[in-house]
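Please look through the sequence and the three-dimensional structure shown here, and then follow the paragraphs below, which go from the overall fold to single residues.

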Amino acid sequence: MKRVIIIGCPGSGKSTFARKLAEKTDLPLYYLDMLKWNSDKTTVSKNVFMSRLESVLSKELWIIDGNYLSTMELRLKYCDTVFILDYETSVCLSGISERKGKSRPDMPWIETEDDEEFLDFVRNYNTQVRPRVLDLLDKYCNKNIIIFKKRSEADSFLENMR
């Protein structure tokens with residue numbers, strides 16, 4: 001495991017899992033949100049984002065946390081391992097609620113209020129985005145793909161790592 005992507009619905013705990021995995025493996029951790037967003041909630045240009053991402057992908061070792069369907073296939077080409085946090089919508093919505101008002105190393109700002117458009121994206125993720133993600137994973141089935149259906153499975157995996 002040298003090049004890892006962690007994907008799943010927003011609120012699933014990708015960033016928390018990524019931090020714990022990075023601690024266990026000593027792999028450098030990169031957050032797609034930090035590559036794409038500014039602290040004022042604006043995004044960098046697509047060229048800047050892609051340049052930042054390609055810089056990470058060119059490295060020998062990394063963990064990349066984030067869904068971003070637009071760059072998923074590119075990341076799948078480079079990675080050797082994929083972790084999917086494939087949780088129920090209610091778990092993800094709860095995760096979003098729990099992180100509100102907290103500083104996070106994976107985001108350049110603190111969420112203080114609900115973003116209804118974002119919450120709608122989360123509510124529709126399993127029916128609209130997840131099927132496309134699974135299609136991509138079928139295409140890259142030669143990768144080491146680890147799917148967690150519950151947080152307890154991800155926690156157990158981390159606890160049992162050497």
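**From fold to residues**

The protein chain has eight helices and five strands, where helices (H or I, at least four residues) and strands (E, at least two) are DSSP runs, numbered from the N terminus. Read from the N terminus on, these elements follow the order β-α-β-α-α-β-α-β-α-α-α-β-α. The radius of gyration of the protein chain is 15 Å, close to the 15 Å that the globule rule gives for 162 residues, so the chain is as compact as a globular protein of that length; this radius is taken over C-alpha atoms, and the globule rule is 2.2 Å times the number of residues to the power 0.38. This is a predicted model, in which local features need pLDDT of at least 70 and side-chain atom pairs count only at pLDDT 80 or more, while totals for chains, interfaces and linings use all residues. Residues are numbered from 1 along each chain as its sequence is written, and side-chain values use heavy atoms, with hydrogens and water left out.

Taken along the principal axes, the C-alpha atoms of the protein chain fill a box of roughly 40 × 35 × 30 Å. Of the 162 residues in the protein chain, 41% are buried, a word that here means under 20% relative accessible area, with exposed meaning over 50% and partly exposed in between (1.4 Å probe, protein chains only). Among the contacts in the protein chain with a separation of 6 or more, 74% are accounted for by residues 24 or more positions apart, a contact being heavy atoms within 4.5 Å. The protein chain exposes about 8,900 Å², and carbon and sulfur atoms supply 48% of that area, which comes from the Shrake-Rupley method with a 1.4 Å probe, and for residues only the protein chains shown count as cover.

The charged side chains can be considered next. The protein chain has 26 positive and 25 negative side chains, and the centres of the two sets lie 4 Å apart. In this count Lys and Arg are positive and Asp and Glu negative, with His and the chain ends not counted, and the place of a charge is taken as NZ of Lys, CZ of Arg, CG of Asp or CD of Glu. Side chains of opposite charge can pair when their charged atoms come close. A salt bridge is defined as a side-chain nitrogen of Lys or Arg within 4 Å of a carboxyl oxygen of Asp or Glu, and by this rule the count comes to five salt bridges.

One of these salt bridges joins Arg-130 to Asp-86, with the closest N and O atoms 2.7 Å apart. The pair links distant parts of the chain, since Arg-130 lies in helix α7 (residues 130-139) and Asp-86 in the loop between β4 (81-85) and α5 (89-99), 44 residues apart. Arg-130 counts as partly exposed at 23% relative accessibility, whereas Asp-86, at 12%, counts as buried. Asp-86 and Arg-130 are also linked with Lys-149 in a network of salt bridges.

Arg-123 takes part in salt bridges as well. With Asp-120, the closest N and O atoms are 2.7 Å apart, and because Arg-123 and Asp-120 are three residues apart in helix α6 (residues 116-128), they are separated by about one helical turn. The side chain of Arg-123 also meets that of Glu-116 in a salt bridge (3.7 Å, N to O). Arg-123 is partly exposed, with a relative accessible area of 39%, as are Glu-116 at 45% and Asp-120 at 37%.

Where is Lys-14 placed? Lys-14 is in helix α1, and this residue is buried yet has no salt bridge, the nearest side chain of opposite charge, Asp-65, being 5.1 Å away. Not counting residues up to four places away in sequence, Lys-14 touches several residues, including Ile-6, Asn-67 and Leu-85.

Leu-57 lies in helix α3 (residues 46-57) and is buried, with a relative accessible area of 1%. Leaving out residues up to four places away in sequence, Leu-57 touches Arg-3, Trp-62, Ile-64, Leu-74, Arg-75 and Tyr-78.

Finally, the backbone deserves a look. Most residues other than glycine have a negative phi. Asp-26, however, has a positive phi near 65°; Asp-26 sits in the loop between α1 (14-25) and β2 (29-31) and counts as exposed at 67% relative accessibility. Tyr-68 has a positive phi of about 35° although it is not a glycine; Tyr-68 lies in the loop between β3 (62-65) and α4 (69-78) and counts as buried at 17% relative accessibility.
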